[in-house]
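Me: I've got this model open and want to check some labels against their cut-offs. Can you take me through them?

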Amino acid sequence: MTGGAPAATGTGVVPGAVGLGPGAADTAAASVGVAAQPEPIAPAPLPPRVEEPGPTRSLPDAAPRPAPEDSASSSDPASDPASGAGPAAEEDEDAPRRPSWYRRLAASRVPVTGWWVLVLGALGCLVATVVPVGPAWLGTLGSLVMTSAYSWALAARTGGRPLVFGTLAALIGGATWWLDEPVLRNGAAVMTAVVAALLGVLVTVPAKSVLDAAREAAIALLVATVGSFAVVGWGPGLSVPRFDYLVLGLSLVGALVLVRGLAAGLHGLGRRGLVAVVSGSVVLVVGVAYAEALRRYGPGAMVSDLLDAVRWTRVHLGAFPRPLETILGVPALAWGCHMRARRRQGWWMCAFGVAATAPVAGALAHARVSLSEAGLSTLYGLVVGLVIGFLVIRLDLALTGPKGGRGSRRAEEAAAVRPEPPRTRPLR
């Protein structure tokens, strides 16, 4: 065979088509019934796929994915004001209750200045009544304003609601003035004396040195003395022993309740605090019981000599210091303020300072005691009590403080840096 090897049947190769052009090859292929292959054409783009509604099965990659900003907003509740969480929502909730002007006013010196204006004005009215000068209702007005101001200050100092308690005291005082009942006047006088006694103790600040402790004790007695004018302005009609015991008992209970929160509870007593509380309680109970026994059964032979000394002191010096104020109240205030600069236990000692402030707050309620005698008795009790307090502080430092002379004491005072809020700020 000279024409070349014939192609196998079904291979699509036409014999004799070798060397022919494209057109000839197509003619030959058509002659044997084989279709010619067309030239490749680029496919047209498919139309977008439209999902028809129906129970079709969705592919995994067809699930909707949240946008970055959506995921951020859903994971962070603070960025969504409508969720009720976050700074924006908190500010919106607090804005109606405490507006910005209220905060600025509370942080300014306007409340303190206004308090001093009220106290000085009320004191002027009360002094005019004691002299006496002016109408008789000035005394009741001064007592009403003074009681309200002291209640406001005590609530503010203890971290309460001064506006609520100050207004409540004013309403009670106004009702007492309007009804003019002896029982209500007695109750208002007792309430004023208790508030003045507690405020005198709680207004103190820690004292690093003995001189600072003496200053704080004097401030406490001064606050109680001003409150005693408001007590006498109510015109109480109680008997003197009953009035004194009631004021002292309520003041002591109130001081212990308030001090419990300031001194970290009973577990913050420690050995030293426990000894101080037990000693103060024993002195207080013995002193009150002995004074009551003398009042009921009369003095013995030895006590008669002591009473003669008391009479001599009143005649030649003008007054005699009150026993509870001198022996317990002022030393407890001095030692407690000195201790508070070092430990919170000092508040437990200061609680017994009401043994000084409570008698002073009710001193002018005694009809037989003049204004000058009450003032001199307070002054003498302060001086003698500070001497006793100085000895107690020195004994405490000798037992628990650093050993050495004046240099060691100065180093100990410099290390006493336990902070407390200022005198015009809440304690908690």
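Me: What makes the crossing of H5 and H6 left-handed or right-handed?
Reply: H5 passes H6 in a left-handed crossing, meaning the near helix is turned anticlockwise from the far one by less than a right angle (clockwise would be right-handed). Keep in mind that this is a predicted model, where local features need pLDDT of at least 70, side-chain atom pairs count only at pLDDT 80 or more, and totals for chains, interfaces and linings use all residues. Residues are numbered from 1 along each chain as its sequence is written, and side-chain values use heavy atoms, leaving out hydrogens and water.

Me: Why are H5 and H6 called roughly antiparallel?
Reply: Helix H5 (residues 110–130) and helix H6 (residues 137–157) pack at about 150°, with axes 8 Å apart. Angles over 145 degrees count as roughly antiparallel, so H5 and H6 get that label.

Me: How do you know that the side chain of Glu420 makes a polar contact with the side chain of Arg340?
Reply: The distance is 2.9 Å, and the cut-off for a pair of N or O atoms is within 3.5 Å, with one able to donate a hydrogen and the other to accept it. The Arg418 side chain also makes a polar contact with the Glu420 side chain, at 2.9 Å.

Technical notes
Axes are lines fitted to C-alpha atoms, for helices over the stretch in contact, and angles run from 0 to 180 degrees between N-to-C directions. Helices (H or I, at least four residues) and strands (E, at least two) are DSSP runs, numbered from the N terminus. Angles under 35 degrees count as roughly parallel, over 145 as roughly antiparallel, 65 to 115 as roughly perpendicular and the rest as oblique.
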